[in-house]
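This briefing is meant to be read beside the sequence and the 3D view.

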Amino acid sequence: MIIGSGCAGNTAAIYAARANLKPLVVIGHEPGGQLSITSLVENFPGFPKGIDGPELVENMKTQAEAFGAEYVYGSVEEADLSKRPFRLNIDGVWHETRTLIIASGASARWLGLPNEQKLIGHGVSSCATCDGAFYKNQKVMVVGGGDSAMEEAIFLTRFASQVTLVHRREHFRASKIMLDRARHNPKIRFLNNTVVEDVFDVASKCVKSVRLKNVETGQTWDEDVDGFFVAIGHIPNTKPFKGQIDLDQEGYIVSHGGARTNIPGVFHAGDVQDRTYRQAITAAGAGCMAAIEAERLLESEGH
Ligand SMILES: Cc1cc2nc3c(=O)[nH]c(=O)nc-3n(C[C@H](O)[C@H](O)[C@H](O)COP(=O)(O)OP(=O)(O)OC[C@H]3O[C@@H](n4cnc5c(N)ncnc54)[C@H](O)[C@@H]3O)c2cc1C
């Protein structure tokens, strides 16, 4: 069984189905994964003119189905990985599997502002690599204080006329080298001790401004921006496996080399383990690795 229908899960399904392993893919709450909520993907090899994210993942699924992979709607709610066959509760129904590939991704962490969710895809984003190019010569804001916030802000200066980095504290969690790089970039302006209270304008279906508050003085004010990037981390979708499989402090699966987890027969693929690259191509590559590992294990067991 493969958990997740993003790039990692679909690629694992292609390889597993071609190896005659009869994979069953659990689609989850987001059919097609994160690429299903984006538009043009310009960095997936093989598509010189780019390809729409939903089309790319749908193609992967069609390819896997052509080799015999099956897909089931629903989400894994509970898992028993204490012995083989492993048991998974999918929307109340228990299923068994001899090997398991977890490709359940990681969801972006949001600020929880009143209008934030309404403007995702309309100026509110969690991925500068993905959406930065839409903001040529425009003003953008990045929220966060870690390395990924610095990275996003620096990357955005390639396009935007000004990048304002908002951080709720005086000091940053980011490494010195990343912070220095951001500080020396003339396009980046720092707003410390500041929180965002809301983002506007839902009525116009695009980001026009944000309301800020200085946490020391209590002063609030509005600032015009065209793009609003939230860079405060991701939440790996590993809740059903907590306590069963080795996870790091933030909940990402800990790799035991290749695609292996600490449990023989359970493999990881994609963003659920990878906190560094988080790209469609790396997730697809990881799906391939996991399927090959599953195949080798089953073969060594005489499957
Ligand atoms: C807006 C946006 C634009 C992007 N643009 C690009 C781009 O241009 N180029 C690029 O390379 N990358 C891009 N990315 C990043 C890329 O989408 C991810 O790196 C990639 O999708 C990760 O693939 P994945 O299969 O590991 O996880 P995901 O795509 O997150 O898929 C996870 C899957 O697991 C399922 N799932 C989760 N929990 C459960 C559960 N309990 N039970 C069953 N299923 C579950 C979900 O339904 C989903 O199908 C973008 C991301 C975003 C958010």
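What follows is a set of notes grouped by topic.

The model described here is predicted. Helix 1 and helix 6 pack against each other, and each of these two helices also supplies at least two residues of the shell around the ligand.

**Packing of helix 1 and helix 6**

- Helix 1, which spans residues 7-18, packs with helix 6, residues 280-300, at an angle of about 35 degrees, and the two axes are 7 Å apart.
- The crossing that helix 1 makes with helix 6 is right-handed.
- On the helix 1 side the contact is made by C7, A8, T11, A12, Y15 and A16, which meet A280, A283, A284, G287, C288, A291 and I292 of helix 6.
- Sorted by class, the residues in this contact between helix 1 and helix 6 are 11 nonpolar and 2 polar, with no charged residues.

**Surroundings of the ligand**

- The ligand has 31 residues around it, and of these E30, Q34, N43, V76 and A280 come nearest.
- By class, the shell around the ligand is made up of 13 nonpolar, 15 polar and 3 charged residues.
- A backbone N or O atom of V76 lies 2.8 Å from a nitrogen atom of the ligand, while for G33 a backbone N or O atom lies 3.5 Å from an oxygen atom of the ligand.
- For A103, too, a backbone N or O atom is placed 3.5 Å from a ligand oxygen atom.
- Of the 1,000 Å² of accessible area that the ligand has on its own, the protein covers 94%.

**Backbone geometry in two loops**

- Most residues other than glycine have a negative phi, and most peptide bonds are trans.
- The peptide bond from R84 to P85 is cis, with omega near -5 degrees, and P85 is found in the loop that runs between strand 6 (76-80) and strand 7 (86-90).
- N20, a residue other than glycine, has a positive phi near 65 degrees, and N20 is found in the loop between helix 1 and strand 2 (24-26).

Key
Residues are numbered from 1 along each chain as its sequence is written. This is a predicted model: local features need pLDDT of at least 70, side-chain atom pairs count only at pLDDT 80 or more; totals for chains, interfaces and linings use all residues. Side-chain values use heavy atoms; hydrogens and water are left out. Axes are lines fitted to C-alpha atoms, for helices over the stretch in contact, and angles run from 0 to 180 degrees between N-to-C directions. Helices (H or I, at least four residues) and strands (E, at least two) are DSSP runs, numbered from the N terminus. A crossing is left-handed if the near helix is turned anticlockwise from the far one by less than a right angle, and right-handed if clockwise. Contact means heavy atoms within 4.5 Å. Ala, Val, Leu, Ile, Met, Phe, Trp, Tyr, Cys and Pro count as nonpolar, Asp, Glu, Lys and Arg as charged, and the others, Gly among them, as polar. A residue is near a molecule or strand if one of its heavy atoms lies within 4 Å of it. A polar contact is a pair of N or O atoms within 3.5 Å; within protein, one must be able to donate a hydrogen and the other to accept it, and residues adjacent in sequence count only if both atoms are side-chain atoms. Accessible areas come from the Shrake-Rupley method with a 1.4 Å probe; for residues, only the protein chains shown count as cover.
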